[in-house]
Amino acid sequence: MLLAVLEMRTSYIQSQLFSHLAGRMHFSLGDGANDNIVFPGHGPFDRRLGYARLPDYIESLTRKGYAIEKQARTSPTLRAFQNLGGFPPYREKASAGLTLVGDKGRPIFSYRDPTHVYASYAEVPDLAVRSLLFVENRELLNLRHPRRNPAVEWDRLGLALVSFGARADGERSPGGSTIATQMEKLRHSPEGRTTGAIEKLRQMTSASLRAYNSGLNTIAFRKQTVVDALNLIPLAGFPGHGEVTGLGDGLQLWYGADFASVNRELRTPVRSMSDWGRKGLALKQVLSLVIAQRRPAYYLGKGRAELEALTESYLRLMASEGVIQPELGDAAVAARLRFNKSPPAPAPLPDSIAKAANALRVDLGKLIETPSFYDLHRLDLTVDTAIDKKAQGEATALLRSLKQPGRLSELGLIGPRMLGGDAPAQVNYSFTLYERGPDATHVRIRTDSLDGPLDVNAGTKLELGSTAKVRTLITYLDIIADLHGKLRGQSTEQLTRLTERGDALTAWVAGELLEKGDILKRGGGGLAAIIDAAMEKEYSAGTGERFFTAGGMHRFANFSRRDGGMMTVSHALQQSVNLVFIRMMRDIVDYHIARIPGTEGILENPDHPARREYLRRFIDMEGRQYLARFLPAYRDLNQAAILDHVAEGAKFLRPRLAAAFRTVLPQGDIDQFSAFIHRWATHPPMNDDGMRDLYETYAPDRLDLADRSYIADIHPLELWLAGYLYSHPGASWRDIVAAGADVRQESYRWLLKPNRFAAQNRRIRTMLEQQAFIPIHKDWQRVGYPFEALIPSYATAIGTSGDRPDALAELMGIIASGGYRLAPRLIERLHFAEGTPYETIVTAKPEKGERVLRPEIAAAVRRGLIDVVENGTARRAYEAVVGPDGKPITIGGKTGTGDNREQRYGPGHRLVGSEARSRTATFAFFIGDRYFGTVTAFVEGSAASHYRFTSALPAQLFKLLAPVTEQVIRPSANSVRAETEKTADFDWSAALARPHLPDTALPGFFRSPSLLMTFD
């Protein structure tokens, strides 16, 4: 018995046993994955820091092209202990969180939770230590027995066994656990609770091993336990902030108190009565939070008065037992706890890194399938990226400076086709720069000037104008190459027949093979020759023709009125001539239509078997469009309001009202009909006979829907919809579409009459065009087009379907690399749980890239885009970037301007007005064969009507950004333009002095924009 009592006091035997076991529990970081690694369960600490979800994160990253580079290896003893459910003994982190690191190890973003912590025992004020120990574990720092096990106090353990199960929900057993054991529970037990005797044993064993992890003497561990307890006490959730952890964050959030100031008050000797008041309040705030951890949600919510009373009781006890001075106790009791109502505003991210930080966090959330920034910030994770923080900051500073009117003239951005100096703050800009490496494409700069989290480069859909001509050109050349491969082995007779009966592109290739057969039929050399010939193929640039596309007749304009007549594809690309690419898209569409099975001759033969099916599909499609147009006017109306709306549409005329009523309420009786007519008709019938005659004349069994619609002068589908919603209030869109299937066909019976052959052909052509755009869309997606559909219109060739800056940048990378697609990677490496038994480093797998373009096509387009910069619309960018050898680097690119307008048409499809929706201008570029990106300027909303800038603006901006670009391209100290550490401190005058062809030397290029749409 004496030995047992001695062991309880000194822990001599325990220290030997646990120290020996802990000494065999260790871990290290090794190469590759560890199949035997044991991850923790679902304790609050493990869940918050991401340790518990690491298997899910790794699985998600593996699916997305990442692999484990290094992972922790645990000793057999530690692994066995973990498999038994124990918590591994190691020095756990008091504060952790997400860190984003850029190129050269420069930090971009860092978040720590909790934010305010004690780094060591020496930093903790004595009064904070006394408060914690008096409430929780008074014997913890009894230093008479240096080997004592802090995880077990036998009297407290006995009390815990007696009181277990008798506590209120969420309340801890009074005196039931030592602080060391509580730390295990709060960190690692499920939901931070003790669910039974087994769980309590697990906590005590794990705490004991942790105590002796550094040797037999536990004094240092016990002091550190005090620090950990104060740093990690759970203090419920604060509105607008989330879970509060630790004394420091608790003081700031719950009381609005400054952590450093509270610590200073607790340490400073009292010299006056006012000092007692401040010190007393600081002590009361600290002690109240230590007490509140027992039932944090209650005490810091509805139980605040009870918390204050309980705190005052403890203060009196502490004073009476000599733990604190009586004067301090009185001052603390007299102080009042005043709770904070709102969290302090988080410090905004600096403009220089905000966009990069947001983009990285969004991408990280997608990679590990954790979209919440709240959860991401609390992960014990360091993320490495190739973003050049310094260059990113300087590019951002330049873009944001353009909102200041005084800067525009200084930087050469005022003038024709650029800015006029008015309201520059409404124009936003974006810039991306990527680097192609041997096994990855790295994001080096991605920024914009837009306030807020939206990433313009990756999160928008903009009409970027003539940049779409590059995608159209690639599709065109791809078709030429396919035809060359299929036709080069055919006979003269077969080729001659194709020149007479084939679609335009097939006929052209057949003709070229007939004319230059020996050259074009030679293997790879023949393919290069036909591609070169396709670039020199001539199209008309004339604007006089009207085009039937997208279901209607359209005219298109060129940017320059001087552009007309016949011109080659290469020249049209150089000068960005719209009509050439409109006609090219028509040829592309016709090529695909000619290959739709079962449709040969469908537009010439009125008895073609496929005509009826195409018309049925068109009717169903257009009928749905009409229903969608009418639905908003009726969706929220009750039955009476539906009739009122229909009556207004019938213009209050008696026959129209009668036809409308008998359609909406086909079963309505004569009394309902009479009341409706008397209410709405300007001249209702004079007697009952006249009313009955009117009622019967427009009965549904006497007139079909089309006739009643014609009389009512209301579209038949609008009348049907009004009737359906009258009898089916609240019907869903799916219900409406399903119920109206036959009605849609009935409404178009006029179209199926034999004398409507031309009208039928227009509808069939529309459906064929839509089918043709399916393979076109697939071609575009192959080279990085980011959206799920194209608008089936020739205008897609000049930008109507929209694009995204980062997708255009990727296209430039494909062209510069000779036809290989290697998707840009924002996140390079992820380091989870550093210094723990769960440590895992995941890196992106090397990629070879996918060939998506024939090298002959990539080479031809690359030459064309270099010509655009050297002799065409992007001349401002010529020789803008200098390489490490001091010589200009070859630059290629494509400009584009989009003037997005909502147009209004009158009778005869006559344009009667338009309203601006946005204006955009972009320059997509490559620099040499490794670097590529985009520069974009845009204005959203009706304010766009005040701007006339074209792609001259982003081309000039590209030139201004050249010093930033060169920092990335030439990072060495021997750069021609030395790096500077001051943000955006460039020699702009030198940048502007770069040689370029004056605008006046580009005859006919810059002219007034078209009334319809501007593209360049």
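This is a predicted model: local features need pLDDT of at least 70, side-chain atom pairs count only at pLDDT 80 or more; totals for chains, interfaces and linings use all residues.

Which hand does the crossing of α22 and α39 have, left-handed or right-handed?

Reply: The crossing of α22 and α39 is left-handed. Residues are numbered from 1 along each chain as its sequence is written, and side-chain values use heavy atoms, with hydrogens and water left out.

Now, back to your pair. Two packed helices are described by the angle between their axes and the distance between the axes. Helix α22 covers residues 468-487 and helix α39 covers residues 805-816, and they pack at about 45° with their axes 11 Å apart. That angle makes α22 oblique to α39. (Under 35 degrees counts as roughly parallel, over 145 as roughly antiparallel, 65 to 115 as roughly perpendicular, and the rest as oblique.) The axes are lines fitted to C-alpha atoms, for helices over the stretch in contact, and the angles run from 0 to 180 degrees between N-to-C directions. As for the names, helices (H or I, at least four residues) and strands (E, at least two) are DSSP runs numbered from the N terminus.

Who touches whom? From α22 come V470, R471 and I474, and they meet A807, L808, L811, M812 and I815 of α39; contact means heavy atoms within 4.5 Å. By class, this contact has 7 nonpolar, no polar and 1 charged residues. (Ala, Val, Leu, Ile, Met, Phe, Trp, Tyr, Cys and Pro are nonpolar, Asp, Glu, Lys and Arg are charged, and the others, Gly among them, are polar.)

α22 also has a meeting with helix α40 (residues 855-871): their axes come within 10 Å and cross at roughly 145°. This time the crossing is right-handed. V470, L473, I474, L477, D478 and A481 of α22 meet I857, V861 and L865 of α40, and that contact divides into 8 nonpolar, no polar and 1 charged residues.

On to the strands. There's an open sheet of 7 strands, in the order β1-β2-β17-β16-β7-β3-β4, with mixed pairing; two strands pair if DSSP finds at least two bridges between them. β1 (27-31) and β4 (107-110) stand at the edges with a single partner strand each, so one side of each has no neighbour in the sheet. From one strand to the next, the twist averages 15°. Helix α17 (residues 351-367) packs on this sheet, touching β2 (66-74), β3 (98-101), β4, β7 and β16, and its direction makes about 65° with that of β4.

Inside the sheet, β7 (381-384) and β16 (829-832) pair in the antiparallel sense over 4 bridges, with V383 opposite L830 in β16. β3 and β4 are antiparallel too, over 3 bridges, and L100 has F109 in β4 as its bridge partner. These two strands form a hairpin with 5 residues between them, where K104 in the turn has a positive phi of about 65°.

Last, a word on confidence. pLDDT is the predictor's confidence in each residue, from 0 to 100. The chain averages 89, and 91% of the residues score at least 70. Over residues 972-1015 the pLDDT is below 50, though the model gives this stretch 96 contacts beyond near neighbours in sequence.

Conventions
A crossing is left-handed if the near helix is turned anticlockwise from the far one by less than a right angle, and right-handed if clockwise.
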